[in-house]
Amino acid sequence: MAITAQDVNKLRQMTGAGMMDCKKALQEADGDFDKAVDILRKQGQKVAAKRADNAVSEGTVVVEISADGTNGKLIALACETEPVSNVEDFKNLAKSILEKAVADDISDKETLLAATLADGRPVSEHIVDLVGKLGEKLEITAYENVTADQVVPYIHSNGKLGVLVAFNGVNGTDVTELGKDVAMQIAAMKPIALDKDEVDAATIEREIEVGKEQARAEGKPEAMLEKISQGKLQKFYKDNTLLNQEFVKDSSLTIRQLLEKTSKGLTVKSFKRVAIGG
């Protein structure tokens, strides 16, 4: 049967797929719109399978904080190239997924992928559909959901790096400005843990061995290696755990001291730092 421009445009409005893809799907489906939609979805599945091993180093990070400030959600939707990350359909999908996460107070990534959007289909299918349309691998590389007395977000100017900082012990103090400073510290200084006791044992063991090897290479006596390596470990904690880092804006304070100075009993419960492509 003849496929009209109106038919193609109708399918395009239904699916968001390109004009030529819609025309081909309608021709293959003999004008049956339901079959054409299925053809386009299968096209997305084929592209997704073909590009499954491709790296995703571009994309967008989006955050939402609850009205009362006690919950924050962050989603990283990644793609292969920067031009795709700037496509409106890509940005809109990230926004729609975040809105669903907020509306249903979704706790984890697996639940989010299975959650249904307005048309009743799961998030995972919407991602595959857009893969077919844009021709690139798309993936939710991170989903974070944190709750505390107050949660403060930060999105870097490139839109590919986001931070959530969860504060407890605010005692009625609005820590938004402090939170932004701490979040920007996390973005720049990349702490691996909140405090010393949260650094995993394997990392500690590796740092001790590195410290010993460095001291040995400098000609230090074997009997001194353990003491020297412990000193280097303390320096590692200072550089790589948030509460022990020097505050970037005032090196006379650690982040722990900054919190105590701001409000007695104020603590960071947790933090999340998510970066696409690095």
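I searched the whole structure for salt bridges and found 21. The model is a predicted one.

I looked up glutamate 209 first. Its side chain meets that of lysine 212 in a salt bridge, 4.0 Å from N to O. Both residues sit in helix 9 (residues 201-217), three residues apart, about one turn of the helix. I checked accessibility for the pair: glutamate 209 is partly exposed at 40%, whereas lysine 212 is at 18% and counts as buried because the cut-off is under 20%.

Next I took lysine 238, which forms a salt bridge with glutamate 246; the closest N and O atoms are 3.4 Å apart. Lysine 238 is partly exposed at 37% relative accessibility, and glutamate 246 is also partly exposed, at 37%.

I then went to glutamate 260 and lysine 264, whose side chains meet in a salt bridge at 3.4 Å, N to O. Glutamate 260 is partly exposed at 39%, while lysine 264 is exposed at 68%.

I turned to the strands. Strand 1 (residues 58-65) holds threonine 60. Strand 1 pairs with strand 2 (residues 71-79) in the antiparallel sense, over eight bridges. Across this pairing I found glutamate 64 opposite lysine 73 of strand 2. The two strands form a hairpin with five residues between them, and glycine 69 in the turn has a positive phi of about 80 degrees.

Last, I checked threonine 60 itself. Threonine 60 is buried, with a relative accessible area of 15%. Leaving aside neighbours within four places in sequence, I listed its contacts as Ile75, Ala76, Leu77, Phe90, Ala94, Gly159 and Ile276.

How values were computed
Residues numbered from 1 in each chain as written. Predicted model: local features only at pLDDT ≥ 70, side-chain atom pairs only at ≥ 80, totals over all residues. Heavy atoms only, no water. Helix = DSSP H or I, 4+ residues; strand = E, 2+ residues; numbered from the N terminus. Buried < 20%, exposed > 50% of the residue type's maximum accessible area, 1.4 Å probe, protein only. Contact = heavy atoms within 4.5 Å. Pairing = 2+ DSSP bridges.
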